[in-house]
2 protein chains.
Amino acid sequence: MRATYRDRIRHAVLESRITTPERAASLFRNAMTVGMSGFTKAGDCKALPDALARRALEDGLKLNIMTGASLGNESDGMMALAGLVERRSPFQADPRLRQEINAGRVMFTDQHLSETVEQLRAGNLPPVDIAIVEAIAIREDGSIVPSTSVGNTASFVQQARQIIVELNLAMPLALEGLHDIYIPGDRPSREPIPLTTVSQRIGTSAIKVDPDRIAAIVLTDSVDSPSNNLPPDEQTQAIAGHVVEFLSGEVAAGRMTPALMPLQAGIGTIANAVLHGLVESSFNGMTMYSEVLQDSTFELLDSGQLTFASASSITLSEATYRKFLDNVDRYRSRLVLRPQEISNHPEIVRRLGIIAINTALELDIYGNVNSTHVNGTHMMNGIGGSGDFARNAHLSIFVTKSTAKNGAISSIVPMVTHVDHTEHDVDIVATEWGLADLRGLAPRERAARIIDRCVHPDYRDMLWDYYRRACAAGGHTPHLLSEAFAWHQRFSNSGSMQERVVQTA
Amino acid sequence: MRATYRDRIRHAVLESRITTPERAASLFRNAMTVGMSGFTKAGDCKALPDALARRALEDGLKLNIMTGASLGNESDGMMALAGLVERRSPFQADPRLRQEINAGRVMFTDQHLSETVEQLRAGNLPPVDIAIVEAIAIREDGSIVPSTSVGNTASFVQQARQIIVELNLAMPLALEGLHDIYIPGDRPSREPIPLTTVSQRIGTSAIKVDPDRIAAIVLTDSVDSPSNNLPPDEQTQAIAGHVVEFLSGEVAAGRMTPALMPLQAGIGTIANAVLHGLVESSFNGMTMYSEVLQDSTFELLDSGQLTFASASSITLSEATYRKFLDNVDRYRSRLVLRPQEISNHPEIVRRLGIIAINTALELDIYGNVNSTHVNGTHMMNGIGGSGDFARNAHLSIFVTKSTAKNGAISSIVPMVTHVDHTEHDVDIVATEWGLADLRGLAPRERAARIIDRCVHPDYRDMLWDYYRRACAAGGHTPHLLSEAFAWHQRFSNSGSMQERVVQTA
Ligand SMILES: CC(C)(COP(=O)(O)OP(=O)(O)OC[C@H]1O[C@@H](n2cnc3c(N)ncnc32)[C@H](O)[C@@H]1OP(=O)(O)O)[C@@H](O)C(=O)NCCC(=O)NCCS
Ligand SMILES: CC(C)(COP(=O)(O)OP(=O)(O)OC[C@H]1O[C@@H](n2cnc3c(N)ncnc32)[C@H](O)[C@@H]1OP(=O)(O)O)[C@@H](O)C(=O)NCCC(=O)NCCS
């Protein structure tokens, strides 16, 4: 795999900017804002995070680090523990960084992933000083060809005073041509984003940049970290089954064709498993307009059921990743990678009429969803793109297992301890027990349907009891404020949300 | 004002469909879905609500009633008390209907106002059987010219099997030409909505319809109900002052010009007062892209500071309404009324880069906003368009008085009892005490700033105390679940959120 960089730096002068990670790291000053490539572990920088962390240990460097989404290679944890990360946005998924965030030592700004660069360009956030970008090549005109994700990289590059390119020799040049770079114009006189079909290309295949701003090039040679999705299990298969059955009903009712509507599926084990479930379905001619492509997308491409997939990154298990990198040409005509601003843009999501499938950490009887905060306080990952999709989708589906921690937690509770998605943005809820179609229902009707269809039997009577007593107290959205979080408090105190800890057989 | 209808029904055959409200009301069958015109009291039907309520009393008729937003003439309360209203969406603001909703007797579906007709067309809601539409004229080709609002009327008309027109002779024909009717195409192959400036016209000036579907025409002769906004007071003036000062800072920092960005202002006394505050500002060349135009808009048009206003309805006090109706020609070139789907569309709001100013019922220390549910349970009005604007705005500003009910309630609480807008959608918070600029901050920083700048002094120490103890317990968004709603419970029990009821001097 070790290759020369000659066919990858096609701009004569730039070759002289090749340097070591340490020298590149010396460009940074305290409190700078840094825009890094990387989206759910794909296309992240492999060398600079380490070099910057060493500077933090040596001279106390602190940075405001922005990315596309989460980084791989445990970079996020390593940088945080070194004390490098003063501020972090817009998403993360690292256990050690999470710890620093929850301890209040890292200021984390959790954002809708379509909005970060919009806010940057509007001046609502401090501007990016330096962009660090993984690339597979630099073209004759200096333009940068990203690797396995686009994320926020194009806008970071557009805004940064200086750019550091990490040229990754381990990434096949065959990836060139996969990207479609488009940055919306300035407001208030912006033109419509011209994208009207999932497969349409509206931009350039590389990130345009004045080569003078490329301050350093660092050579790297390692692939992305693999995803750590768990394989489908009995419960996720049941959830997938309910979703497939529901969608079949939509087709039967004439509300969509067997091609469905463009699909979005969130990160994580459960959403991946639901999409995997479509492999056994009779849907055909499907398309994806999503944020991350996981293993399930490639299964559907391989089965021929999926005709095209658009996203901002590709995050795969080791085996699927290998297969993809070795066969990029086979997939090329059916894939495009876009900036996350475009993959998640409300304008496009609403225009295309997407079926959005995202995962809830917990949800309440009215269908408000918590995707981020354990016990209402402790950040898990972040809201990611779930809000961009759920708000604007043709159908917004949320999936979750009905319980967590071996049944000690009910994922459906009287009131969620943190709201990421309000009931208005949640059309369908599915657990392994069943699916609740909430379209057009009032809150009291939503509650009855969710309790009836989705709650684990161990918690069903408890929820009926809460709901009935709340209704007696009245209101459009009945609640008993004195008990709304009693389940969470019970879990904190006794290790279970159950009223008496039931002996498991 | 009593005029003949001859110049208002320009289609020869249709004249014969003129009938009484009672006969028109006989077209309805039980459980039908009815789409009514009307948006925040403007352009609502004046005759059919009464005739339908009488049917409910006589033969128990029950309907699923959809509108643009709230109705005037106390129609909503009257219909609800007659037992006519089985289901109601997407917004209301009537004390008697509110009571029925909160008692669980009317199933109310509270919706983002841009989404109702999208969901109708997608088949996610039962289709409209009959549309009842206030009009000022019916053209030669049968197309319907709406009155003081457009709301959801165009899509209701497009979908309904039968249409009843209420031809309102009290509305001046001068309103003709004010409207711009555009309905987005079907998904997934929809084209971009071509609107790129506030004043652009992209549709037709009347609602196209096959005249055969116009089943009845009823003549009416009364104007809209006036708005009941209270005049600005010391507190709302202070809030307006903080917002104007903040926007001046944005201009000074070069982030916008003195024309600002297109403005949206929510319904109600406070948002109206904030906009009124702009009259004394030095901003000029401003535009509005809003949902409702209130008195303040006309003050700004009259002062010459506002060059153009786009909305879905016009809801005014009696005096301003009179002035407007008598001088439509003076305002005509600076106004347009659009379907609420377009006035509130995420695609357009995001494209134009709107400054959104909406009102919170309560907000919490992290800047999550409750706009709808008193005590977490009892519906006030509905989310309206606030979510459409706040989510997609260039700047999302929420305003509120720091206390309600003579200081017995703090509008800023440890945790909101219901979330309509998550912290991600709230950039700026202002009360009479000050303004908190939350852009780019992490939750802990947001809390410190909100408590410091916006909270009433009577509650400030209590909130600092809660916040500090919550931080000690940890988390990205620190909370003490056992106390999160203690203030609300104290108010319910003792009539005040204060720990000891302080003697007011
Ligand atoms: C919500 C989310 C964390 C679920 O991830 P997942 O891998 O599908 O689901 P899992 O069931 O494996 O849950 C992940 C963890 O949360 C825990 N968990 C699940 N429900 C829980 C609950 N109600 N309370 C506490 N913990 C819970 C699980 O036990 C598991 O913990 P572990 O890692 O210690 O085993 C993930 O989807 C996410 O971060 N979503 C937010 C971002 C997003 O939706 N993006 C979409 C656009 S890409
Ligand atoms: C939130 C909203 C009700 C505020 O209305 P307003 O007229 O500006 O504000 P007011 O301060 O007069 O408050 C209205 C009522 O709520 C009460 N109120 C305010 N804050 C309260 C709180 N925290 N708890 C309980 N009641 C509260 C007031 O006392 C007042 O009651 P009253 O009618 O009995 O006097 C109104 O803006 C709304 O319905 N918003 C949601 C829809 C929306 O934002 N649309 C925007 C796009 S158009």
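Which unit do β2(A), helix α3 and β3(A) make? Here are some notes on that and a few other features of this predicted model.

Local features are taken at pLDDT of at least 70 and side-chain atom pairs at pLDDT 80 or more, while totals for chains, interfaces and linings use all residues. Residues are numbered from 1 along each chain as its sequence is written, chains are lettered from A and ligands numbered from 1 in the order in which they are written, and side-chain values use heavy atoms, with hydrogens and water left out.

1. To take up the opening question, β2(A), helix α3 (residues 75-81) of chain A and β3(A) make a right-handed β-α-β unit. Right-handed means that, with the strands pointing away from the viewer, the path from the first strand over the helix to the second runs clockwise. Helices (H or I, at least four residues) and strands (E, at least two) are DSSP runs, numbered from the N terminus.

2. The strands of that unit, β2 (residues 63-66) and β3 (residues 85-89) of chain A, run parallel and are joined by four bridges; pairing requires at least two bridges found by DSSP. Look for Asn64(A), which stands opposite Arg87(A) in β3(A).

3. On to β4 (residues 107-108) of chain A: two bridges join this strand to β3(A), again in parallel. Arg87(A) has Met107(A) as its bridge partner in β4(A). With helix α4 (residues 95-102) of chain A, β3(A) and β4(A) make a right-handed β-α-β unit.

4. An unreviewed UniProt entry places "binding site" at Asn381(A), Gly385(A) and Lys405(A). They span 25 residues in sequence and the farthest two C-alpha atoms are 25.6 Å apart, so they do not all gather at one spot. UniProt positions use the numbering used here, feature names are shortened, and annotations may be inferred rather than shown by experiment.

5. Asn381(A) sits in the loop between β19 (378-379) and α14 (386-392) of chain A and is buried at 18% relative accessibility (buried is under 20% relative accessible area, exposed over 50%, partly exposed in between; 1.4 Å probe, protein chains only). Its contacts (heavy atoms within 4.5 Å), not counting residues up to four places away in sequence, include Phe91(A), Arg98(A) and Phe108(A).

6. Lys405(A), by contrast, is exposed at 62% relative accessibility. You will find Lys405(A) in the loop between β21 (403-404) and β22 (409-410) of chain A.
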